[in-house]
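Keep the 3D view open as you read.

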Amino acid sequence: MLDAGFFNDCKKLEIQKGVKDFNIPIIRSNRKLVATENGGLRDPSPLVFNSVWKSQEAKRVMDKFNYPVCSGIQRPKNYEDIAFMSVLELGQLLKAKLITSEELTQIFLNRLKRYSHVLESVITITEELAFQQAKEADQVLAKDKYLGPLHGIPYGLKDIIAVPDYPTTWGSKSFKDQVIDGEAWVYKRLKSAGAVLVAKLVSGSLGYDDIWFGGRTRNPWNIEEFSTGSSAGPASSTSAGLVPFAIGSETVGSITYPATRCGVTALRPTFGAVGRTGVMSISESLDKLGPLCRSAADCAVVLDAIRGKDPDDLSSRDIMLGDPFSVDITKLTVGYLEDADKEVVGVLKSKGVNVVPFNLDYTVDSAQGIVSFTMDVDMLAHFDEWQRSNQDDEFEAQDQWPLELRRARVISAVDYIQAQRGRSKLIQEVKENFTVDAFIGGSGDWEKICVGNLVGMPVVVIPTGFKTISNAPSDDTRRKTTITTGIYAPPDHDHVALALAIAYQSVTNHHKQRPPIDDIGPNDSIPNPPTSAVPARQLRDY
């Protein structure tokens, strides 16, 4: 019936069990939610067809943000101190000609080579390209032409983002030698801003979790622990000072989870804010690109460089965001959930924000199932041949994509559309009940992650503290568990969430702390130490 004779008997039994245990409960829940009436008068699918061949909209010019000036910045004597400076601080050093982009690039290349094997966070070091771009940045600056705060700043890209002449492996052994002849839109935007690409960073295999063909990415705050989430390399590398910032992606949790685990500041932007041409796709209606940085101010700077309409990405838009550096937060009403970080609530209240208890109410109880149906069916459409040719047998973790995509093969078109109608109902209910300007809540809660991604709302993840690891082998251990929270805003209001995060970080220093990757403390040892996971031919210096 499904022309799926490529499944062997064992896989058929696995699918049968998955359908019974997983698919059918979701199907029944969605039918109850949106399929009790005939005629399609309510809850239309959010996947809307647009017959226009070329956009007729008048071109709108998005105003650039007004970045704060880091006055009085001096060049540190210690290279590590330089490595942990913010983008805005590094930009001021470059603009004042206290350091060159080539010098800065060499500092971060050295750190990438020193720590990448420990953290298993880097796939390809783009050294030749990096020095070429750094040299160009210095030459342009020598002519007194300044391209902006990313001019000459090194960075990393998650390795699902295409860059010509370098492997784009998608973190998968099936594609580890793949070279895509084309530039991703986000790479073009960063290149035009004068930024310097120093590395392609780990993506979990085909955008799933932190396991990839070379190993499993580590959390710099506790290298016995893994980073979680497929933007594993961007989170781990930024946390450890291997890059000043990185671009990751999220379909459902791939920015928020590793940012939470590795203690970095990150922005999952409004859906459609950043173009995705040249990026491996899991789900066209869920995929987003966003920055992982040292601070919320840096996230704002990077977002400003990469946002806007991508002519080849039909979902991308020119979103007229306000300036996060100019938002009057005393005019905002901000809700806080039960799991909100109380320090964040207190700090924002002390700065004049009207903070109130809040619950984001909605009746849809199948958000997690809707996410699974949407993501898995879309992913299978993109990797149909991969499954039919049994390449999934070589996947790095058999309980991840292989299991989910076999189950997705037997989701009917009707039930997929019913899931989208359920999603539409959820979006409408969230819109009606989002009665505050933003709200504060846990950043690693799966329900919030599912709802946030289905709705397309932005969130800024911020570190708010640290605690000693559980079952510590020594009282002297320096390894930590990071504590984080999320600041959520309605779609197209990324500037509000960023402004609140910037305000919080202006009087706290959790985001400035450095992980103990060089010295985990006396009397502490790692029972399962990482080993060099990247083949020498892959982690090469171009």
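Lys17 is exposed, its relative accessible area being 54%; here exposed means over 50% relative accessible area, buried under 20%, and partly exposed in between, with a 1.4 Å probe and protein chains only. This is a predicted model, in which local features need pLDDT of at least 70 and side-chain atom pairs count only at pLDDT 80 or more, while totals for chains, interfaces and linings use all residues. Residues are numbered from 1 along each chain as its sequence is written, and side-chain values use heavy atoms, with hydrogens and water left out.

What does Lys17 meet in a salt bridge? Its partner is Asp21, at 2.6 Å from N to O. A salt bridge is a side-chain nitrogen of Lys or Arg within 4 Å of a carboxyl oxygen of Asp or Glu. Asp21 is partly exposed, at 45% relative accessibility. Both residues sit in helix α1 (residues 9-34), and because they are 4 residues apart there, about one helical turn separates them. Helices are DSSP runs of H or I with at least four residues, strands are runs of E with at least two, and both are numbered from the N terminus. Side chains of opposite charge can pair when their charged atoms come close.

Asp177 and Lys176 form one at 3.9 Å, N to O; Asp177 is exposed at 52%, whereas Lys176 is partly exposed at 23%. Arg216 pairs with Asp209, their closest N and O atoms being 3.8 Å apart. Arg216 is partly exposed at 29%, and Asp209 is partly exposed at 23%.

Now for the histidine: is His151 buried or exposed? At 2% relative accessibility, it counts as buried. His151 lies in the loop between α5 (127-142) and β2 (154-158). Setting aside neighbours within four places in sequence, its contacts (heavy atoms within 4.5 Å) include Leu94, Ala137, Tyr146 and Gly194.

Finally, look at Met1, Leu2 and Val410, which make a nonpolar surface patch of about 390 Å². Leu2 is in the segment before α1 and is partly exposed at 47%. Patches are made of residues with over 30% relative accessible area and no salt bridge, like charges being joined within 9 Å and nonpolar side chains (Val, Leu, Ile, Met, Phe, Trp, Tyr) within 5 Å. Accessible areas come from the Shrake-Rupley method with a 1.4 Å probe, and for residues only the protein chains shown count as cover.
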